[in-house]
Amino acid sequence: MGHRDEHFWTRGSADKSNVLVEQLKQYGVIKTKKVAEVMEIIDRGLFVPDGNSAYIDSPMPIGYNATISAPHMHGTCLELLKEHLQPGMHALDVGSGTGYLTACFAMMVGPQGRAVGVEHIPELVASSIENVKRSAAASLLNGGSLSLHVADGRQGWPEQAPYDAIHVGAAAAEIPQPLLDQLKAGGRMVIPVGSFFQDLQVVDKKLDGSISIRSETSVRYVPLTSREAQLQGF
Ligand code: SAH
């Protein structure tokens, strides 16, 4: 471990967020000030079970056969969705896990917007609420513009639909129809599709309601499935 790394580990957590964001900028993952700012403000260390490993660009187990996505995936998805996360807009985070991205969405859409997280493991929803309460998004949770719910995300969350932005944090064999239905005209969904080999698909609903889909990159996510199937062997 070189001198630079030692220095890295002795910094405070806010500084560590800054170092991580700086790396993601250098890799070309973070391209805009808006995404850099939100990933600095929402401290990943508060959302990861072992705070020390929070600032490594790697996914990490969070229990229940789930993982928090790697920082570069969070950055990639925020970059893809940023135009659809403007103040006042509605965002849905399916498979919200630790709540990290839901908190980022909430910061971007602000108190007039809506950021909804849906996760089917009740324990993860409970801990994600605790994570958010410690974070810069706490007041948005208290104010009601950020909410986290126990539900099957394949059904979306009709109460706040239609959504300008939908993020799916688990891989589906095909895009669930309720999510397509709950996407606003002009809105965008980012979803990993496939089983073992997955594509991160960018789904745009045009103003006339027609759908266009492109593949951004290949990815490995945990499956979007039933609670029973997910918890097998856990
Ligand atoms: N994006 C989150 C978590 C990613 S892991 C983060 O970075 O923290 C994917 C999550 O999707 C897991 O927490 C898993 O429990 C959840 N999940 C899988 N299938 C689901 C379903 N049908 N409904 C809701 N959540 C689901």
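**View 1. The surroundings of the ligand.** In this predicted model, 24 residues surround the ligand, and the closest of them are H74, T98, E119, G153 and T225. The largest share of this shell, three residues, is contributed by strand 2, which runs through residues 66-68. The space that the ligand takes up is the largest pocket.

View 2. D204 belongs to strand 8, which spans residues 198-205. Because its relative accessible area is 18%, which is under the 20% cut-off, D204 counts as buried. The side chain of D204 is joined to the side chain of R188 by a polar contact of 2.8 Å. When residues up to four places away in sequence are left aside, D204 touches G187, R188, S210, I211 and S212.

**View 3. Helix 5 and the residue that follows.** Helix 5, made of residues 100-109, is mostly covered, with nine of its ten residues buried. The buried residues of this helix are Y100, L101, T102, A103, C104, F105, A106, M108 and V109. As a general point, an α-helix has 3.6 residues a turn, so residues three or four places apart point the same way. After helix 5 comes G110, whose phi is positive, near 75 degrees.

**View 4. I41 in helix 3.** I41 is part of helix 3, which covers residues 33-41. Because its relative accessible area is 45%, a value between the cut-offs of 20% and 50%, I41 is classed as partly exposed. Apart from residues up to four places away in sequence, I41 touches M107 and A136. The view can also take in L101, which is 60 residues from I41 along the chain, while the C-alpha atoms of these two residues are separated by 12 Å.

Notes:
Residues are numbered from 1 along each chain as its sequence is written. This is a predicted model: local features need pLDDT of at least 70, side-chain atom pairs count only at pLDDT 80 or more; totals for chains, interfaces and linings use all residues. Side-chain values use heavy atoms; hydrogens and water are left out. Helices (H or I, at least four residues) and strands (E, at least two) are DSSP runs, numbered from the N terminus. Buried means under 20% relative accessible area, exposed over 50%, partly exposed in between (1.4 Å probe, protein chains only). Contact means heavy atoms within 4.5 Å. A residue is near a molecule or strand if one of its heavy atoms lies within 4 Å of it. On a 1 Å grid over the protein atoms alone, a cavity is a set of points where a 1.4 Å probe fits but cannot get out, and a pocket is an open set with protein on both sides within 12 Å along at least five of seven lines; lining residues have an atom within 4 Å of a point. A molecule sits in a cavity or pocket if more than half of its atoms lie within 2 Å of its grid points. A polar contact is a pair of N or O atoms within 3.5 Å; within protein, one must be able to donate a hydrogen and the other to accept it, and residues adjacent in sequence count only if both atoms are side-chain atoms.
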